[in-house]
Amino acid sequence: MYERILIPTDGSDTAEVAVEEALEVAERFDAEVHTLYVVNVDAMDLSLGTEQVERVKAGRFGEMDELEAKAREATEYVAERGRERGLDVSEHFRAGQPHDVVADFAADRDVGLIVMGSHGRSGVRRMLLGSVTERVLRSTHRSVLVVDEREAE
Ligand code: ATP
Ligand code: MN
């Protein structure tokens with residue numbers, strides 16, 4: 001049923017909880033697994049100079065060590081968990097607004113299922129859903145599995 005599964009990750013504990021569910025589904029459906037880290041350009045505007053923001057928007061965030069390390073750590077975690085199950089995970093990096101990038105990626109790659117956390121790195125826990133997840137739900141026609149860390153405990 002699901003030929004391709006997308007796991008967007010921000011490297012948070014909740015995203016990591018979602019990874020296990022995603023991989024379990026991937027195994028059962030023998031699906032191709034993609035994981036995607038989006039450098040959030042809006043959030044960066046506050047902390048970086050214009051020149052750096054332009055570089056990231058041009059997709060050249062790899063030149064910036066700290067950002068690259070964070071992104072790679074997040075996707076590498078997914079790849080490693082996949083390897084433990086004998087699954088091959090493709091790692092992707094993009095810059096933009098996370099929900100837009102996730103929705104576009106899902107459409108471009110014809111992803112059948114997006115699996116993501118209810119929360120991420122920065123959210124207020126009393127909110128039912130983080131803003132990225134909420135916006136993805138509003139931006140895509142693809143199936144989305146939202147893994148709630150509180151249920152998963
Ligand atoms: P908020 O960002 O609204 O303050 P939050 O950080 O708790 O709240 P979200 O950012 O919506 O919640 O995170 C929910 C899920 O969305 C994460 O578990 C992850 O799967 C995905 N996600 C969030 N940010 C990114 C990102 N930059 N790149 C890829 N996936 C992301
Ligand atoms: Mn967030």
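Leaving aside its neighbours within four places in sequence, which residues is Thr133 in contact with? Keep that in mind; we will get there by the end of the tour.

**Before you start**

This is a predicted model, in which local features need pLDDT of at least 70, side-chain atom pairs count only at pLDDT 80 or more, and totals for chains, interfaces and linings use all residues. Residues are numbered from 1 along each chain as its sequence is written, chains are lettered from A and ligands numbered from 1 in the order in which they are written, and side-chain values use heavy atoms, with hydrogens and water left out.

**Stop 1: the sheet**

Show the strands first. Helices (H or I, at least four residues) and strands (E, at least two) are DSSP runs, numbered from the N terminus.

Now select strand 1 (residues 4-8), which pairs with strand 2 over five bridges in the parallel sense. Pro8 has Leu36 of strand 2 as its bridge partner. On to strand 4: two bridges pair it with strand 1, again parallel, and here Leu6 stands opposite Ile114. Strand 4 is also joined to strand 5 by five bridges, and Ile114 has Val144 as its bridge partner in strand 5.

Colour strand 4 by burial. Buried means under 20% relative accessible area, exposed over 50%, and partly exposed in between (1.4 Å probe, protein chains only). Both faces are covered: Leu113, Val115 and Gly117 are buried on one side, Ile114 and Met116 on the other.

**Stop 2**

Is Arg72 buried or partly exposed? Its relative accessible area is 42%, so Arg72 is partly exposed. Not counting residues up to four places away in sequence, Arg72 touches Glu91 and Phe93; contact means heavy atoms within 4.5 Å.

**Stop 3: helix 5**

Next, select helix 5, where the buried residues include Pro98, His99 and Val101. Among the elements that cover the buried residues of helix 5 are strand 1, strand 4 and helix 6. Just after helix 5, look for Asp110, which takes a positive phi of about 55°.

**Stop 4: the largest pocket**

Switch to a surface view. About 990 Å³ of space lies in the largest pocket. Of the 40 residues that line it, the closest to its centre are Asp10, Asn40, Pro98, Ser122 and Val132. A pocket is an open set of points on a 1 Å grid over the protein atoms alone, where a 1.4 Å probe fits, with protein on both sides within 12 Å along at least five of seven lines; lining residues have an atom within 4 Å of a point. Grid points are joined across faces, edges and corners, and the volume is the space filled by probe spheres set on the points. Strand 2 gives the most to this lining, with five residues.

**Last stop: Thr133**

Finally, select Thr133 in helix 6. At 5% relative accessibility, Thr133 counts as buried. And the opening question? Thr133 is in contact with Met116, Gly117, Ser118 and Val146, leaving aside its neighbours within four places in sequence.

Conventions
Pairing = 2+ DSSP bridges.
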